[in-house]
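Trainee: Hi! Could you walk me through this one? I'd like to know how to read it.

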There are 2 protein chains.
Amino acid sequence: MGMSNQWSNDPRELLRPGADFDLATFDRRGTPGWEGDKAEAKELMDSRGALLYELQERLYAEGRAGGKRSVLIIVQGLDTAGKGGIARHVMGYVDPQGVQLRSFGVPTEEERSHHYLWRIEKALPQPGRIGLFDRSHYEDVLVVRVDELVEQEVWEPRYDEINAWEKELADSGTIILKFALMVSHEEQGLRLMERLDRPDKHWKYSPSDLTTRANWDKYQQAYQAVFERTDTDHAPWYVLPADRKWYSRLAATEIITRTLIEMEMTWPRVRWSDDVQRRKLADTMTTASLAESLAATEETVRSAIEESIDVKLEAAALVGRDEETTRELADAKRQELLAELEQNIAHKRELLAARDDAPSGSEPAEQDSKKSKKSKESGKGGGKGKKKKKSKKGKK
Amino acid sequence: MGMSNQWSNDPRELLRPGADFDLATFDRRGTPGWEGDKAEAKELMDSRGALLYELQERLYAEGRAGGKRSVLIIVQGLDTAGKGGIARHVMGYVDPQGVQLRSFGVPTEEERSHHYLWRIEKALPQPGRIGLFDRSHYEDVLVVRVDELVEQEVWEPRYDEINAWEKELADSGTIILKFALMVSHEEQGLRLMERLDRPDKHWKYSPSDLTTRANWDKYQQAYQAVFERTDTDHAPWYVLPADRKWYSRLAATEIITRTLIEMEMTWPRVRWSDDVQRRKLADTMTTASLAESLAATEETVRSAIEESIDVKLEAAALVGRDEETTRELADAKRQELLAELEQNIAHKRELLAARDDAPSGSEPAEQDSKKSKKSKESGKGGGKGKKKKKSKKGKK
């Protein structure tokens with residue numbers, strides 16, 4: 001957690017294009033706000049894995065419980081800027097089932113027959129999901145403007161239209177983050193040449209990349225206009241220097257993480273009674289299995305509680321909340337959860353005791369006999385909490 | 001590579017339900033064909049990362065070059081069987097942009113108004129992609145049959161209909177793999193109880209899980225029927241024991257990897273001339289940048305070639321091809337690629353030499369001056385090959 005101190009400032013403040021932002025003098029090799037080196041960046045990102053994983057899971061859970069919020073991450077940039085790397089990274093740290101990845105190429109005939117926002121609206125993330133767009137409606141004021149695919153009087157009004165559309169989207173509960181990966185002309189040349197040189201990257205090269213590159217200055221102007229006219233508080237732009245891929249990935253991960261933390265997501269409350277469900281479930285389990293579950297409960301739940309509290313503390317530290325208050329809140333939460341745990345264990349003991357005293361009626365009894373056949377197959381319940389940790393480590 | 005020997009047999013042979021397959025006696029805690037332990041399983045899976053990553057990239061490249069092939073992975077299983085874990089794993093090892101993940105829940109009103117295959121067809125992977133279905137059209141002969149959502153005369157013909165539909169799909173170039181995760185009644189009880197006990201997993205529990213669990217035997221019969229009637233050579237079923245999550249994930253990864261290897265994908269040939277493109281690209285680069293690129297070429301391309309040959313050898317060993325023949329083929333390929341490399345380097349030398357002798361005309365000159373401002377931003381080309389390796393390691 002302390003590692004987050006390698007950020008001198010919140011990258012969201014450092015990378016927003018201000019009123020006086022000038023892309024022409026923007027250092028595309030810079031690492032604004034990062035006081036560590038490349039290796040430390042990798043370390044920090046990996047150490048974020050469990051946090052990001054849980055934050056996304058909370059968002060997903062909120063959506064399943066009827067929440068309306070979602071996150072839309074828009075990634076723009078010229079060829080070789082590293083858009084795909086951002087996708088791989090966000091995906092790498094969270095459960096892919098919670099992410100909707102969409103890449104927008106040249107519009108199909110059907111897409112062209114509709115308003116340019118039509119295909120975008122169709123791809124918006126559902127509640128509880130993170131939507132990641134590789135290119136987006138901004139192409140309709142970038143390539144469309146540079147290649148003059150439509151008249152200026154057609155693309156000119158789009159900036160305001162996009163702002164209004166994004167405002168509506170934000171008001172409906174979608175948190176919008178817009179990343180522009182800015183690679184230098186020099187670095188793009190090196191990366192394109194590498195594609196030409198490497199047999200395994202050859203297929204990524206297209207002669208049309210040179211046509212786009214020839215329009216470099218026009219694209220820079222078009223991006224400058226995008227930043228000047230569509231950087232809003234409801235849908236902020238973050239301009240990421242992209243000559244060092246590790247930095248742009250680090251900054252994007254950090255911005256996404258901090259944004260998710262500030263969404264203040266908590267596990268949804270359920271509308272059914274734990275005790276009733278536990279009793280009904282126990283009725284379907286063999287006595288041996290119930291005993292096994294009881295034996296595992298303490299370790300499994302405690303480690304889950306501790307892990308989730310660690311995440312809470314890391315999150316709080318990351319967004320610079322007061323450490324003492326945070327710790328007090330965490331301790332209170334821990335006490336509450338441990339009290340629940342004790343009740344649950346007590347309840348399971350009762351259920352097991354009842355089972356021992358008087359093996360329940362014919363229905364369960366018959367089930368017992370059926371399942372005792374399966375007993376040898378049954379899993380050791382112990383250490384399931386660890387299993388979960390592993391699966392998280394797997395994300396990193 | 002030698003590690004693949006921990007598989008006593010090809011899991012595709014061991015996990016296909018034969019004519020005499022009986023789900024009632026199927027050991028859901030077994031680890032058929034795996035002679036290693038859990039830790040070795042994790043090791044092997046991680047060692048597969050680079051291989052899987054490159055195989056998926058080749059498939060994607062093939063699709064971009066006009067190839068028609070795709071892969072469809074269908075994952076079925078009752079609650080807590082670990083369907084999500086399979087998704088996380090496949091996604092974890094490959095570029096998520098090459099994977100189309102789709103989860104099929106209770107049909108929407110619109111979906112219900114169409115044929116049951118309508119929503120499935122809409123979600124099929126595009127050429128070059130891997131489609132991963134969490135549940136599928138098989139729900140229309142599973143839950144639909146168990147809950148009697150339609151009459152038997154409606155679901156009964158679906159088995160044949162599905163076989164015919166999958167045959168057409170396979171003939172059109174989609175490789176189909178169907179995984180059934182079979183968890184024991186005992187283990188499902190333990191996993192459901194854990195969801196009840198753990199505050200962070202609570203939201204995953206639903207009282208309806210108990211209704212489904214109450215229909216356990218009916219579901220087993222429905223799955224048995226699915227295996228008897230829809231396990232075909234064009235769309236095979238693999239029944240994975242799921243009480244040990246690590247095994248079902250290992251087996252799925254292995255089956256997917258071997259299937260991709262046997263698709264014999266090669267990097268697509270390009271239709272344009274390298275030399276022309278290299279010259280044109282060089283014209284857009286500063287002399288310093290071109291020199292930097294030249295200096296990096298040897299190391300970058302050699303490491304890319306070696307990596308891709310390692311992958312070839314691993315792949316060949318995995319599907320048990322003759323080692324000597326494989327090595328001869330690999331050496332021949334290496335010679336071919338190294339010869340190309342030498343030509344490319346020679347060409348870049350020429351281009352640079354020409355640059356030194358006579359700095360090219362006004363157009364490039366003006367560009368030079370523009371870009372020399374950026375020179376300090378330019379990246380060190382050296383070790384880009386390593387960068388790629390890192391990004392792969394990132395997958396693991």
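Mentor: Happy to; we'll take the chains, then a strand, then a pocket. Keep in mind that this is a predicted model.

Trainee: How does chain A superpose on chain B?

Mentor: A rotation of 180° does it, with 0.0 Å of shift along the axis and an RMSD of 0.0 Å. That is the relation of a two-fold axis.

Trainee: Which residue of chain A comes closest to that axis?

Mentor: That's G92(A), with its C-alpha at 3.2 Å.

Trainee: And through what surface do the copies meet?

Mentor: They meet through the same surface, because 99% of the interface residues of chain A are also interface residues in chain B.

Trainee: New topic: is strand β4 of chain B mostly buried or exposed?

Mentor: Eight of its nine residues, 174-182, are buried, so β4(B) is largely enclosed by the rest of the structure.

Trainee: Which strands is β4(B) joined to?

Mentor: Eight bridges join β4(B) to β1(B), residues 70-77, and the two run parallel. Five bridges join β4(B) to β5(B), residues 237-241, also in parallel. For example, L72(B) has I176(B) as its bridge partner, while F179(B) is partnered by Y238(B).

Trainee: Now the second largest pocket. What volume does it have?

Mentor: About 1,000 Å³. Its lining has 45 residues, and among those nearest the centre are R58(A), W267(A) and K333(A).

Trainee: Which element gives the largest share of that lining?

Mentor: α16(A), with twelve residues. Chain B takes part too, through α10 (185-197).

Trainee: How many of the lining residues are charged?

Mentor: The lining has 14 charged residues, alongside 23 nonpolar and eight polar ones.

Methods: Residues numbered from 1 in each chain as written. Chains lettered and ligands numbered in written order. Predicted model: local features only at pLDDT ≥ 70, side-chain atom pairs only at ≥ 80, totals over all residues. Heavy atoms only, no water. 1 Å grid on protein atoms, 1.4 Å probe; cavity = no way out; pocket = protein on both sides within 12 Å on 5 of 7 lines; lining within 4 Å. Points joined across faces, edges and corners; volume = space filled by probe spheres on them. Helix = DSSP H or I, 4+ residues; strand = E, 2+ residues; numbered from the N terminus. Nonpolar A, V, L, I, M, F, W, Y, C, P; charged D, E, K, R; others polar. Least-squares fit on C-alpha atoms with pLDDT ≥ 70 in both. Contact = heavy atoms within 4.5 Å. Buried < 20%, exposed > 50% of the residue type's maximum accessible area, 1.4 Å probe, protein only. Pairing = 2+ DSSP bridges.
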